[in-house]
Amino acid sequence: MGFKCGIVGLPNVGKSTLFNALTQTAAAQAANYPFCTIEPNVGDVAVPDARLDKLTAIAHSAQTVPTRITFVDIAGLVRGASKGEGLGNQFLANIREVDAIAHVLRCFEDGDVVHVENRIDPVSDADTVETELMLADLESLEKRIKPIEKKAHAGEKEAKEQLALMTKALDLLREGKPARQAELSHEQQEPFRLLGLLTQKPVLYVCNVDEAAAATGNKFSMRVEEKAKREGAGVVVISARIEEEVAQLAPAERAEFLASLGLEEPGLNKLIRTGYNLLGLITFFTAGPKESKAWTVVKGARAPQAAGVIHTDFEHGFIRAETFAYDDYVAYNGEAGAREAGKFRLEGKEYVVQDGDVMHFRFNT
């Protein structure tokens, strides 16, 4: 399990250019006119993780299998999209299917690239798209709440609980606030997620800057960073044009090219890492002669849940998890050395998986 990230934004902010670079394809047409993306494009990308390569070398694995992230390039939204403007509501449905929203914002000046509202103001752009998503949520809830109210008034317990959550969301939306600002108990979080609200999803702001500002950011990205800090949202500064160039280089040439621009890593790495943090995701590994493989779980997941990511039978028949901390596995040059050093652990059903754990599962068939 990786995660699915929807790339949204106004037309001509660099969404499709970024998508092409991230997926190293030309599947999404990048052109200097609105609505060049008329169907959502989907691309799977391997999640880069130097730890996995290290495990492969130590375990002499025949194959290295990274976990993956899915990017969905969704057509540009415009003011009035929730009412059918531009390409309309059909694209709002695509956003419902993703785990997080990567909101690409234009943070560069270029007279050759038109802006749909004829000005460069990334914070206002973000507010425009957020408003359309809030209006769509408001309309959806107002349509759905009436039958729930009837059931709740008739005394149905589940309907009462659902009504309370819908009311909480409606109150926020009517105040011009996204649903993700709702204060929820632990028990309410999953039922609230199941309401399928667009503004409930975590947001990651992607500041698309020009090449000169890729390492330091600029006055536009600084304003977005301030906004993200106020909201508790993620933020990444990326030059889509640089990412496009990096994608076309041979792997051996990429580090030198990035270093010449004052960059330590591709923007993809930053985007994935920030997205993982935003969603509270961590990675555990399995390693052996056949393959070393990375797996993704939600932070706080217990050992049986991690086993279930590999195969549902593993979770149902879970007995124990043979566990090594990543640092111990590396320090003692693999499983045998870590065992000899007393770093091997047998963990039970209540064990909370830690980022970097190297695990093998014992289970009943």
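**Figure 1. Lining of the largest pocket in the predicted model.** In this predicted model, the residues that line the largest pocket comprise 14 nonpolar, six polar and seven charged. The volume of this pocket is about 1100 Å³. Its lining consists of 27 residues, of which Glu190, Arg193, Gln200, Pro202 and Leu279 are the closest to the centre. Two or more lining residues are given by helix 6 (186-193) and by helix 10 (267-279). Helix 6 supplies the largest share of the lining, namely five residues.

**Figure 2. The largest cavity and the residues around it.** Five cavities of 30 Å³ or more are present in the structure. The volume of the largest cavity is about 60 Å³. Its lining is formed by Ala214, Val237, Ile238, Ser239, Ile242, Glu243, Leu263, Glu265, Gly267 and Lys270. Strand 7 (234-238), helix 8 (240-248) and helix 10 are the elements that each give two or more residues to this lining. By type, the lining residues of the largest cavity are five nonpolar, two polar and three charged.

**Figure 3. Surroundings of threonine 286.** Threonine 286 is found in strand 8, which spans residues 281-287. With a relative accessible area of 13%, threonine 286 falls under the 20% limit and is therefore classed as buried. The side chain of threonine 286 is joined to that of tryptophan 295 by a polar contact of 3.1 Å. When neighbours within four places in sequence are left aside, the residues in contact with threonine 286 are Glu291, Ser292, Lys293, Trp295, Ile310 and Met359.

**Figure 4. The largest nonpolar core and another core apart from it.** In soluble globular proteins, nonpolar side chains tend to be buried together. The largest nonpolar core in this model has 35 residues, and those that touch the most other members are Ile69, Phe71, Ile95 and Val206. Helix 10 makes the greatest contribution to this core, with four residues. Another core, of 19 residues, lies apart from the largest one and includes Ile145, Ile148, Ala169 and Leu172.

Note on methods
Residues numbered from 1 in each chain as written. Predicted model: local features only at pLDDT ≥ 70, side-chain atom pairs only at ≥ 80, totals over all residues. Heavy atoms only, no water. 1 Å grid on protein atoms, 1.4 Å probe; cavity = no way out; pocket = protein on both sides within 12 Å on 5 of 7 lines; lining within 4 Å. Points joined across faces, edges and corners; volume = space filled by probe spheres on them. Nonpolar A, V, L, I, M, F, W, Y, C, P; charged D, E, K, R; others polar. Buried < 20%, exposed > 50% of the residue type's maximum accessible area, 1.4 Å probe, protein only. Polar contact = N/O pair within 3.5 Å; in protein donor to acceptor, adjacent residues only side chain to side chain. Contact = heavy atoms within 4.5 Å. Core = buried A, V, L, I, M, F, W, Y, C linked by side-chain atoms within 4.5 Å.
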